[in-house]
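Here are my notes on the model, point by point. Please read them with the structure open.

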Amino acid sequence: MSAGYNTVGSNPSPYGAGDPYYNESSGYITPHPVKKRTSNWIKIGVPVLILVIIGAVLGGVLGSRASKTNEGSEGSGSSSKSEAAASSAASVKLEIGRFATSTNSEFMMPVYPSTASPAFTSPTFTSTTNDALAWPADPFKPQKPEATTTRTDRPRLIAPAYKWQALPKLIKGDPYLKGWNDTIFGNASEYYTLPPVKYNLDGGNGILDNAREIKMRIKAFAYVYHMTNDTKWNAAGNGTSSFGSDPDRWNSGHFLDTAEMTAAFAIAYDWLYSQWSEDQKSKIRFTLIKYGLHFGVTPNPSALWWQTNTTGNWNCVCNGGLTLGALAILGDDDSGIAEQVLGQTIPNALDNCAFAVSNDGTWSETANYWYFGTTGHAEMSSALLTATGSHYGLLDKNPDFSKTGDFHMYVSGSTSLFNYGDHGPNKFSTTANSMLFYGDHYNEPQYMLFQREQYDAAEPWSMFWYNPTVSGAFWDGAQLDQFFDNGLDQWASMRSSWTDSNALYVAVKAGKLQGHQTHNDLDAGDFVLDALGTRWAGELGSGDYLSPNYFSNDTQNSDRWLYYRKMTEGQNTILINQANQNVAAAPVVVTHDTSGTSQGSSTVLDIPKDSTAYWVTDISSAYFNGDTVKRGVRLLNGRKQVLIQDEIQTSSSVQWRMHTNATVTIDSSGTSATLALDGQTLIIQMIDPPSGAAFTTSEAVRFSSDPIPPAPDQPNPGVTVLMISVPVTAGPYTLQTLFNPQWSGMSASDFVKPPKVSLDQWSLTSHNN
């Protein structure tokens, strides 16, 4: 079973290989199938709780949906005018249907029709009280919200009863809710055929996969139970061996495990509250406290390090899981631990999690770790809002948090994320559906419209975070380019379309090489390139998280930088003297600009010939011995070609490096390389290269002279390194590398040869012919 909520069964990632358990991508590069683990499993079942849920809930899934009598079903009917109006409005939405017509099976990206539509309008939320089109108001409106005072009805976490009651009618009138609902039912049925989750303490990520898979299943099972209200399958569990060993079954030493298991049990306790006997509730509370909440408030610096100066996914996920657990049992718990937990998690998240987003919206770790962090942040914020009536500043203490939806949209290319750095473990219950929650809360409808088309949208959170009054197309009015200038990150995103699967997309980064929770690479100057429906320059992603000292530290001599996928030679950038970059680098964005081209309402975009964007960075501080390197990336010829220009001064050897899945053929002059991939062709040419510069290729492996890492590198089969090797020379010199995707209908004469303009002189018109 693949991670997330996509259709079961997927292809392997095009980039990187080795152990798929530690190469999980965002889902934009095709997610890995479930690993056929070779480590020894402790073959015991999941706790009684999970088996009871399987019995209580899945009967409803497998039974006839036509016979369901759920608590939120419509009454016997009203013939009022408002009902007729609601029916009419819902019919219009259903007739238009979902905007994306399918999902690309290789990259799991939405495919849009080449057309215009009256529905493709500017993103907005419409104001309506029509109960077939909009959520009713929450009746719970405390005048002075307190974190330890909850609503009296259940559920209280994320999906209150009033939303369950309104949901069936909304599903009938909204093609997205209807499709997601069907997928959740299908996934729950699929999960039911799988054996119980088996305990596996892997030594690196602990039982994190176990915890997130259990959470994923519980969400689906509990959702389907509510939608069927079929109680004939309850109390089916008969007890199994314990999940893990006392006294720390949920592995608090790797606290993400504890947090995700706590969240899973909290959801089960709260969403199925009416189905538990008092004895069962007592047992679940005991388990939550003993193996979850207790460890969150017991002083233990080695386990709770994430509480101090940790602005990343760890703080968000850990505080989020503990908060859900405390809110779930608040009022039923007579030990006082729930109040104690909330008194700790909320202020700690305000000081840490809330600031994982920088002032330009970029997530502090990597594009993939955005998923984990924002899921934890959104779950915590949403649960606090629904249970107690306030988020207590979690959504607005950082005034720039609202920009992180822009980060996610622009870091998403035509085929994949700009997936620099580590990708993280399997996602399972982790999705990008925080975009739905943020879109609604921050009044940014484009976030919601973007996410609703993605393959991972179909899961229970989306059913309650989605605002069905949203309308329009996310791309209508969306700028094609965006520059992110925060000193920690520094990166640019440029494209030719938001909706064309074949569109050109190039993203490039500089930024600091420390301060990313030890998830980054030594990769100043790194880039990716999409065109013609495939990725030509790609990222290798995570190394093996179990490798010795992989996360040891981010100092210059860290063993982390001995692994190929993390070292500079494993990136798409300039390598000098075959040495890693300087971790103390502080690159400077010299200049950037854009013609300001935005997409209109149509999915078909006619790009003006003078439409362009460029980005220039000085990454000299990433190199030693006074070497200087500037890199510029520019779109040419109506965004059909890309120029990468490097200005270098060094007395050491230089390699220009790019990792690709393409088959590479180099011409006899050594100045032109033809890449073939997925039935398409890309030609890369050097323009007026320095003497002796030539294209060469190699496998994606370390140099024989490199220091030996503590464990062998993962293999990278199918990946070729395209290189330009420059002999030792004092310089300065310029490398101009021109990327020419072979677009249908373009002849050789249609491509332009750019003039040689120094990076300091680049402007919007500097390359006009």
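1. Start with Asp 713. Asp 713 is partly exposed, at 25% relative accessible area. Here buried means under 20% relative accessible area, exposed means over 50%, and partly exposed is in between (1.4 Å probe, protein chains only). The side chain of Asp 713 meets that of Arg 702 in a salt bridge, 2.7 Å from N to O. Arg 702 counts as buried, at 17% relative accessibility. Both residues sit in the loop between β19 (694-699) and β20 (720-726), 11 residues apart. A salt bridge is a side-chain nitrogen of Lys or Arg within 4 Å of a carboxyl oxygen of Asp or Glu. Helices (H or I, at least four residues) and strands (E, at least two) are DSSP runs, numbered from the N terminus.

2. A word on the basis. This is a predicted model: local features need pLDDT of at least 70, side-chain atom pairs count only at pLDDT 80 or more, and totals for chains, interfaces and linings use all residues. Residues are numbered from 1 along each chain as its sequence is written, and side-chain values use heavy atoms, with hydrogens and water left out.

3. How many salt bridges are there in the whole structure? The search finds 27. Some share partners: Arg 212, Lys 215, Glu 260 and Glu 379 are joined into one network in this way. As background, side chains of opposite charge can pair when their charged atoms come close.

4. Look next at Arg 154. Arg 154 forms a salt bridge with Asp 270, with the closest N and O atoms 2.8 Å apart. The pair links distant parts of the chain, 116 residues apart: Arg 154 is in the loop between β3 (124-125) and α3 (161-173), and Asp 270 is in helix α6 (residues 255-271). Both partners are buried: Arg 154 has a relative accessible area of 17%, and Asp 270 has 0%. Pro 155 lies in the loop between β3 and α3.

5. Asp 246 is joined to Pro 247 by a cis peptide bond, with omega about 5 degrees. Asp 246 is partly exposed, at 42% relative accessibility. Pro 247 lies in the loop between α5 (208-228) and α6.

6. Now the cysteines. The structure holds 1 disulfide, defined as a pair of cysteine sulfur atoms within 2.5 Å. Cys 316 and Cys 353 form it, with their sulfur atoms 2.1 Å apart. Cys 316 is in helix α8 (residues 313-329) and Cys 353 is in the loop between α9 (337-351) and α10 (369-388), so the pair ties together parts 37 residues apart in sequence. The torsion about the S-S bond is about 105 degrees, so the disulfide is right-handed. Both cysteines count as buried: Cys 316 is at 0% relative accessibility and Cys 353 at 1%.

7. Why is Cys 318 too far for a bond? Its sulfur is 9.5 Å from the closest cysteine sulfur, which belongs to Cys 316. Cys 318 is buried, with a relative accessible area of 0%.

8. Check helix α7 (residues 278-297). The helix bends by about 45 degrees at Ile 289. The bend is the angle between axes fitted to the seven residues ending there and the seven starting there. Ile 289 is one of the buried residues of α7, which also include Lys 281, Arg 285 and Tyr 291.

9. Two residues other than glycine have a positive phi. Asn 309 has a phi of about 50 degrees. Asn 309 sits in the loop between α7 and α8 and is exposed, at 70% relative accessible area. Gln 578 has a phi near 55 degrees. Gln 578 is in the loop between β10 (574-576) and β11 (588-594) and is partly exposed, at 36%.

10. Last, Asn 486. Asn 486 is in the loop between β5 (482-484) and β6 (491-495). Asn 486 counts as buried, at 17% relative accessibility. Asn 486 and Thr 362 are 124 residues apart in sequence and 8.1 Å apart in space, C-alpha to C-alpha.
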